[in-house]
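Work through the exercises below with the sequence and the model in view. Try each task before reading its solution.

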Amino acid sequence: MMAQYLALREEAGDALLFYRMGDFFELFFEDARTAAQILDIALTTRGEHGGAPIPMCGVPVHSAEGYLARLIKAGCRVAIAEQVETPDEAKARAKREGTPSSKVLVGRAIVRLVTAGTLTEEALLEPRRANVLVALAELRGTVGIAAVDVSTGAMVLEECAPDQLGAALARLSPSEVVVPEDWPHGPDERISRPRNSFASDAGAERLKAVHGVATLDAFGDFSRAMLGAAGGLIAYLDHVGRGRLPLLLPPVARAAEAGMAMDAATRASLEILESTTGGRAGSLIGAVDRCVTGAGSRRLAEDLSAPLLDVAQIEARLALVQFWRDRPIERAQLREALRAIPDLGRALGRVVAGRGSPRDLGQLRDGLSEAMRLHHWLSGAPDRPALLDAVLAKLTGHGALTDWLSRALVPSPPTERSGGGFIADGYDAALDELRATSGDARRAIAAMEARYRDETGIATLKIRHNGVLGYFIEVGARYADALMAPDSGFTHRQTMAGAVRFNSLKLHEEAARIAEAGGHALAAEEAHFEELVAAVVAARHAIAATAAALARIDVAAGNAERASESDWCRPEIAEDAGLSITAGRHLVVEAALAKAGERFVANDCQLAEANRLWLIGGPNMGGKSTFLRQNALIVLLAQAGCFVPSSAARIGLVDRLFSRVGAADNLARGRSTFMVEMVETAAILAQATSRSFVILDEVGRGTSTYDGLALAWAVAEAVHSTIRCRCLFATHYHELARLAETCEALSLHHVRAREWQGDLVLLHELADGPADRSYGLAVARLAGVPAPVVARAKAVLEKLEATRTATGGIAAGLGDLPLFAALAAEPTPASPEQQLAEALRDADLDALTPREALDLLYEWKRALPKPKH
């Protein structure tokens, strides 16, 4: 056995090996140590290998899914080694090979690799989150991306430049990424596969073979990089499935410009699908999602991850939301009907992948029947929007299949097919006869038990059954002697503590009848199951289209429900570069305040060509960051086809959304907070266009005051005069207000606050004009900084402000700078002597104290180069 195990262990590679032994999956050696620690199960030993005990642990086969889920969540991959022949088949093989039957071992093979990106089991998947597997391939400087949700078969091919790969992966949020060996790009956590798997020609052939077509023209125009990635994806799925592919729908080509671009930093900052603390709570989707099906929630997540750039498509989604918002009674009826529909896409995925159950077939039957009912109901609704008509057309066409499934299956099929009982009575006359025979035999055994009691006079005699002996007669030990007699008609089988077991000729005959009829019945049901599966597989594309249509209806109805809850408005989408939001709110913050019984203060945002850059000041906790994020989220929601939390909104299409709000150290890459901030700011300056929307919060705060102010000044100028995009720029640098003198499209704003009887009152209202002060000490007092420290800070502040007044402040001379756009070339760095002369010329000698003058002389002396000897 150990030789067989070690051979399979070598084949499993870096995966843990689940080795099937009877009713358990066993793990040995380091696999056992790893699994025991993760699963918190007992680690034992079995036998010896190399003179040392073999570590061992195991999990029951019937509950293996729960253990697999924990291992996958911990980042493990698992190879499943199953018995691939019966003991009788093993003995027959041994006979052919001339091996003694006593030494034969049942054959085992790895039938599947369970990995994070290839899960289909219901128990291993999150209902409301897609499980995406991605393969990457690079060809001539272009990265091809193939993405598939194996649980539903949806497959998308796209390409991007290598420097845009991070943003693409952030949008897809894959559970697993597959790349060619020794490829320098891609995420740190990835699976490397042979490079020849990613050849574009082989990829095209694999796609043709999967879909049974001679050409891919009907599916779309795919680049060589896309085909290479698709080839690597299919080869990996074939590898983990051991030759059996999951459901793969025809690939869809996604153009790079198909949706609003957002980099990984922006997605994390806006907490679109996951909050900074992890999970849906506190995220955008957590606040928006009112879908009643898992498929609808997954569809909504895709919408929010990739907002549209096509006005017609956005308006089509908005019209469908409006349709359901205007019909609250019908919407409630629809949502109740949708709530009862099973997850068709994932049930279909399991059936096509060969992991389906009778219950999955029952879910397809029920779901498709309900889809047809919805079609009949909604087809009669007046004033239907075009998108509703389009999805309604995909809800029909399954009449013959649902009729077949309804006739063949019992109302509530079981999750396991090994025990039979899922084919309905009356569907197959031969099967009904086999079941009757089996039932008659069981009744005959019950009658036999009563007769044997009468004949023997043993009132406690019972006929029992187990998996080893089959049917047997059991009596108490004190009655056994009478049945041991040669002429009793009973044959001794087994002696137990307190009981003795026997057999009889008649019982043997009846047991044989039961076994034969039961075996034939199970075989008949299995044959019917395979027929039904084949019919479902043949209709897989139409069933998948129905599942997608139901998800789209659920998203629209859920968005309408959310809009009605909080009185959201339908945004107007325009082609220009304006942005007009009246009484906008941050939906996540508003929901949190509502739970605390507080009211959110709404604010307007009006950006246009002549007023495209807002410089926003005010105290910490005053609402600057909230205002920035709420407007970015409103833009995102509008272009995703959702209503928005405002009383009115007109959104000029945004091609790229950037958010540089908050940052944290990235210790794993050796980056400080300030470095992370500068990397994100550099990406904005390099990638933003005039049609982008940018929110910037406290640029430059992570370094010295002078460096920070200089960087913030230069970034603001670049956004205003070079990129010329819409931008909200929050800052504590009051000196930046002087930019309004030279930047004609920049306007000054601040969040209002007041001090009342020594306490700071934050009004969370946005007002025109610069902030009069920062209220930093008042905020520190609110935060609980000890009074003596605040008092000392106040004394230091007064001294600093006096010095600033005397010297002209750190912004002295900034008004004389030319605009960013006017800097034609980098100036030649001045020599130390030139710098000293400039400093001497700028020094206000009359304002210097003797001590300050002496310090200045020492500083100038240190700046001079040392003489050469």
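**Exercise 1.** Find the strand that holds Ser504, and decide whether this residue is buried or exposed.

Step 1. Ser504 is part of strand β16; strands are DSSP runs of E with at least two residues, helices are runs of H or I with at least four residues, and both are numbered from the N terminus. The model is predicted, so local features need pLDDT of at least 70 and side-chain atom pairs count only at pLDDT 80 or more, while totals for chains, interfaces and linings use all residues. Residues are numbered from 1 along each chain as its sequence is written, and side-chain values use heavy atoms, with hydrogens and water left out.

Step 2. Ser504 has a relative accessibility of 5%, so this residue counts as buried (buried is under 20% relative accessible area, exposed over 50%, partly exposed in between, with a 1.4 Å probe and protein chains only).

Step 3. Apart from neighbours within four places in sequence, Ser504 touches Tyr452, Ile473, Gly489 and Phe490 (contact means heavy atoms within 4.5 Å).

Step 4. The side chain of Ser504 also lies 3.2 Å from the backbone nitrogen of Leu507.

**Exercise 2.** State the strand order of the open sheet of 4 strands, and identify its edge strands.

Step 1. The order is β13-β14-β16-β15, and the pairing is antiparallel (two strands pair if DSSP finds at least two bridges between them).

Step 2. β13 (462–466) and β15 (490–496) are the edge strands, since each pairs on one side only.

Step 3. On average, neighbouring strands here are turned by 40 degrees against each other, with direction ignored (axes are lines fitted to C-alpha atoms, for helices over the stretch in contact, and angles run from 0 to 180 degrees between N-to-C directions).

Step 4. β13 and β14 (residues 470–476) are antiparallel and joined by 5 bridges. Lys462 has Glu474 of β14 as its bridge partner.

**Exercise 3.** Which strands does helix α17 lie across, and which does helix α19 lie across?

Step 1. Helix α17 (residues 429–456) lies across β13, β14, β15 and β16 (499–504), at about 135 degrees to β13.

Step 2. Helix α19 (residues 505–538) lies across β13, β14 and β16, at about 75 degrees to β16.

**Exercise 4.** Describe how helices α14 and α20 cross.

Step 1. Two packed helices are described by the angle between their axes and the distance between the axes.

Step 2. The axes of α14 (residues 358–378) and α20 (residues 540–566) come within 11 Å and cross at roughly 60 degrees. Therefore α14 is oblique to α20 (under 35 degrees is roughly parallel, over 145 roughly antiparallel, 65 to 115 roughly perpendicular, and the rest oblique).

Step 3. From α14, the contact uses Leu364, Leu368, Ala371, Leu374 and Leu378; from α20, it uses Ile543, Thr546, Leu550 and Ile553.

**Exercise 5.** Which strands pair with β10, and in which sense?

Step 1. Strand β7 (residues 132–139) pairs with β10 in the parallel sense over 3 bridges, with Val134 opposite Val177.

Step 2. Strand β11 (residues 191–193) is also parallel to β10, through 3 bridges; here Val179 stands opposite Ser192.

Step 3. β10 (residues 176–180) is mostly covered, with 5 of its 5 residues buried.

Key. Polar contact = N/O pair within 3.5 Å; in protein donor to acceptor, adjacent residues only side chain to side chain.
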